Amino acid sequence: MSELFRPRRSVLYMPGSNARALEKSKTLDADALILDLEDAVAPEEKDLAREQVVEAVKSGEYGDRELIIRINPAGTPWATADLEAAIEAGPDAVLVPKVNTAADIHQVGRKLAELHADAHVRMWAMMETPLAMLNAGEIAAAAASQYGRRLAALVMGTNDLAKDSRARLIAGRQPMLGWLSNTVVAARSYGLDIIDGVFNDLDDMEGFEAECAQGRDFGMDGKTLIHPRQLGPCNVVFAPPEEDIAWSRKVIAAFEEPENEGKGVIKIGGKMVELLHLEMARRTVHIAEAIAAKSAG
Ligand SMILES: CC(C)(COP(=O)(O)OP(=O)(O)OC[C@H]1O[C@@H](n2cnc3c(N)ncnc32)[C@H](O)[C@@H]1OP(=O)(O)O)[C@@H](O)C(=O)NCCC(=O)NCCSC(=O)C[C@H](O)C(=O)O
Ligand SMILES: [Mg+2]
């Protein structure tokens, strides 16, 4: 699957210590799985979690689900062993938690290079500290540097952000809207994907769907999730709707008409359509086709 048009609608976390969740997620309709070694794992279970996660990733039993290992942060007793284990396992990406500055990305990127991690192993970065909000642009810009070039996605960590900023996690997320949109533009400035934070109330499906729609409207590619029941609605909200797909096909077909060859702007059904809309239409169709291929396979 092209990295450029990879659906990342639903990204499900699970504690690496939870063998049942690791097994169950082989059958779940998630675009990506985050096998966690960090905050969802108690200190006394870190070693067990690391072993289970390595075994799970190496099993090759997760189909086309993207596999991401969240390691513990630098300076903790587990950081080095986590990174070495991740390299041994060879996931699609290593998720770096508690990123504050671009230097945190460079540090992990340099270690991946020194330890000869396979070239396909990317980095994702947790955006969950007040410093990360201040430095979002420079963190995303690390993707253009020698040791940051594995960076592929930013992930909002709204629980830690609430803890460290003392902003409240409330319906509508008004206290966080500035951070969310600033991090979206930081990601887009450097060609990165961005995944929204988790919704903690498993019983409030209405609130969950509203937050998915909000994240989508802000430009997020998908949402991080904590339970299988959040997968279905999330996949629906973040997939291009049928009418957008139909319109996009119309735009592509119109620009392919001989009379429109070489034109930068045309009219379709009374609407002005420019080359930028053609680019958007192509992306919508590519993503829709990738989602359809996943469902078929
Ligand atoms: C929240 C949970 C602890 C609830 O667990 P549980 O009570 O066991 O749920 P259920 O009984 O309803 O589970 C039903 C079945 O689904 C499986 N299950 C549950 N959760 C997951 C999951 N995340 N992945 C895969 N499978 C899952 C159960 O095993 C049951 O299966 P079956 O036996 O077949 O019936 C639990 O959902 C959970 O641990 N969720 C993930 C928590 C987590 O990973 N948290 C860390 C990430 S959040 C975060 O840190 C974000 C960020 O850093 C920030 O700062 O914001
Ligand atoms: Mg966190």
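Residues are numbered from 1 along each chain as its sequence is written, and chains are lettered from A and ligands numbered from 1 in the order in which they are written. As the model is predicted, local features need pLDDT of at least 70 and side-chain atom pairs count only at pLDDT 80 or more, whereas totals for chains, interfaces and linings use all residues.

The protein chain is assigned domain 1 (3–238) and domain 2 (242–296), with bounds taken from an automatic or database domain assignment. The C-alpha centres of the two domains are 31 Å apart. Four residues from domain 1 and six residues from domain 2 make the contact, where contact requires C-beta atoms, placed from the backbone, to lie within 7 Å. On the side of domain 1 that touches domain 2 there are two nonpolar, no polar and two charged residues; Ala, Val, Leu, Ile, Met, Phe, Trp, Tyr, Cys and Pro count as nonpolar, Asp, Glu, Lys and Arg as charged, and the others, Gly among them, as polar.

Beyond four places in sequence, A125 contacts V96, V99, I105, I139, L151, L154 and V155.

The UniProt annotation "binding site", from an unreviewed entry, covers E128 and D160; such annotations may be inferred rather than shown by experiment, and their positions follow the numbering used here, with feature names shortened. E128 is placed in the loop between β5 (122–127) and α5 (130–134), and D160 in helix α7 (residues 158–165). E128 is buried, with 24 other C-beta atoms within 10 Å, whereas D160, with 19 such neighbours, is partly exposed; buried denotes 20 or more other C-beta atoms within 10 Å, exposed 12 or fewer, and partly exposed the range in between, with C-beta atoms placed from the backbone.

Of the 22 residues around ligand 1, A21, A40, G157, N159 and D160 come nearest, a residue being near if its C-beta atom, placed from the backbone, lies within 6 Å. The largest share of this shell, four residues, comes from β1.

How values were computed: Two residues are in contact if their C-beta atoms, placed from the backbone, lie within 7 Å. Helices (H or I, at least four residues) and strands (E, at least two) are DSSP runs, numbered from the N terminus.
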